[in-house]
Amino acid sequence: MDNKKKGMPFLLMLLMIGLLPLLVAVVIVMLVSTSEISSSLKESAESRLKAVSTSIELHFKDQIEEGELTKNELAYEFIDALESQDIELTLFEKDVRYITSLRNTDGSRNEGTPASAEIYAKVSAGNTYFGENVVIGGKKYMVFYSPIILDDGTFWGMAFAGEPQEDLDNQVNGIVLLVLMIAIGVTLAAVALVIVIALIIK
């Protein structure tokens, strides 16, 4: 009985000595790794959306310059080209959606509606804009807006590319879950190892 009483505190002490630093290290690694991965995914999304936004400007700019911009079949084919990849495209004339792949709840295109006044103020001043959790039509998006400047220096409108915020959040959550499962597995393996060592040397 006495041996058991002595053995248990010894085991608990060994567990604390052996596992406390490990648990601290695991928590630190989880926080750092998830933060770094999240930042990396956001940077990747920004680069992707920036490239798409630039392609919108390049596709429509000549038509705008020549006064031949129309909502024809080819225009809609281009604007809908990345829907299968969950990326939405919009061409703004000033702050109004001229042509877009974004849909309303009834399935109609979200055209003729204005951009956020805050975003428009920044982009119309010649700046690009990247943001998260921007609500459009009741849904949150990661977005990238770039100004469309004509050859004479006139600001004409904006090119927009966005993807559901949910997509990025799901990626981050999936990675966090994976890291957590690995951390739990490592911790359980360490607990088992400490118990075996304690039983051998007690």
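This is a predicted model: local features need pLDDT of at least 70, side-chain atom pairs count only at pLDDT 80 or more; totals for chains, interfaces and linings use all residues.
Me: What does the secondary structure of the protein chain come to?
Reply: The chain has four helices and five strands. Starting at the N terminus, the elements follow the order α-α-β-β-α-β-β-β-α.

Me: And how many of the residues count as buried, in percent?
Reply: The protein chain has 202 residues, and 36% of them count as buried.

Me: Where does Leu19 lie, and is it buried or exposed?
Reply: Leu19 is in helix α1. Its relative accessibility is 9%, so Leu19 counts as buried, the cut-off being under 20%.

Me: Now the sheet. What is the strand order?
Reply: The order is β2-β1-β5-β4-β3, in an open sheet of five strands with antiparallel pairing. β2 and β3 are the edge strands, each pairing on one side only. On average, neighbouring strands are turned by 35 degrees against each other, direction ignored.

Me: How many bridges are there between β1 and β5?
Reply: Six bridges, in the antiparallel sense. Across from Thr90 stands Phe160 of β5.

Me: And how many join β4 to β5?
Reply: Nine bridges, with the two strands running antiparallel. Ile148 has Gly157 of β5 opposite. The hairpin of β4 and β5 has five residues between the strands, and Gly153 there has a positive phi near 90 degrees.

Me: What about the hairpin of β3 and β4?
Reply: That hairpin has two residues between the strands, and Gly137 in the turn takes a positive phi of about 60 degrees. β3 and β4 pair over six bridges, again in the antiparallel sense. Ile136 has Lys139 in β4 as its bridge partner, and Val134 stands opposite Tyr141 in β4.

Me: Is β4 mostly covered or mostly open?
Reply: Mostly covered: of its 11 residues, eight are buried.

Me: Which strands does α3 lie across?
Reply: α3 lies across β3, β4 and β5, and runs at about 125 degrees to β5.

Me: Switching to packing. How many residues are in the largest nonpolar core?
Reply: That core has 27 residues, and the ones with the most contacts inside it are Phe60, Leu89, Leu91 and Ile99. Two or more residues come from each of α1, α2, β1, β2, β4, β5 and α4. α1 gives the most, with seven residues.

Me: What does Leu91 touch?
Reply: Leaving out residues up to four places away in sequence, the contacts of Leu91 include Ile56, Phe60, Leu69, Ile79, Ile148, Trp156 and Met158. Val96, Arg97, Tyr98 and Ile99 are also among them.

Me: Which residues does the second core include?
Reply: Ile119, Val134, Val143 and Phe160 are among the 14 residues of that separate core.

Me: Last topic, the rings. How many aromatic pairs are there?
Reply: The structure holds five aromatic pairs. One of them is Phe60 with Phe78, edge-to-face, at 5.6 Å centre to centre and 85 degrees between the planes. Phe60 sits in helix α1 and Phe78 in helix α2, 18 residues apart, so this pair links distant parts of the chain. Both Phe60 and Phe78 are buried.

Me: And what is the geometry of Tyr120 and Phe155?
Reply: Tyr120 and Phe155 are also an edge-to-face pair, with centres 5.9 Å apart and 65 degrees between the planes. Tyr120 belongs to helix α3 and Phe155 to strand β5, 35 residues apart.

Me: Why does Phe155 count as buried?
Reply: Because its relative accessible area is 12%, and buried means under 20%.

Me: Which rings are linked into a cluster?
Reply: Ring pairs link Phe92, Tyr129, Tyr145 and Phe160 into a cluster.

Me: And what lies over the face of Tyr98?
Reply: Lys71 does, at 4.9 Å from the ring centre.

Terms used
Residues are numbered from 1 along each chain as its sequence is written. Side-chain values use heavy atoms; hydrogens and water are left out. Rings of Phe, Tyr and Trp (its six-membered ring) pair if their centres lie within 6.5 Å; planes under 30 degrees apart count as stacked, over 60 as edge-to-face and the rest as tilted. Buried means under 20% relative accessible area, exposed over 50%, partly exposed in between (1.4 Å probe, protein chains only). A charge sits over a ring if NZ of Lys or CZ of Arg is within 6 Å of the ring centre and within 35 degrees of the ring normal. A nonpolar core is a set of buried Ala, Val, Leu, Ile, Met, Phe, Trp, Tyr and Cys residues joined through side-chain atoms within 4.5 Å. Contact means heavy atoms within 4.5 Å. Two strands pair if DSSP finds at least two bridges between them. Axes are lines fitted to C-alpha atoms, for helices over the stretch in contact, and angles run from 0 to 180 degrees between N-to-C directions.
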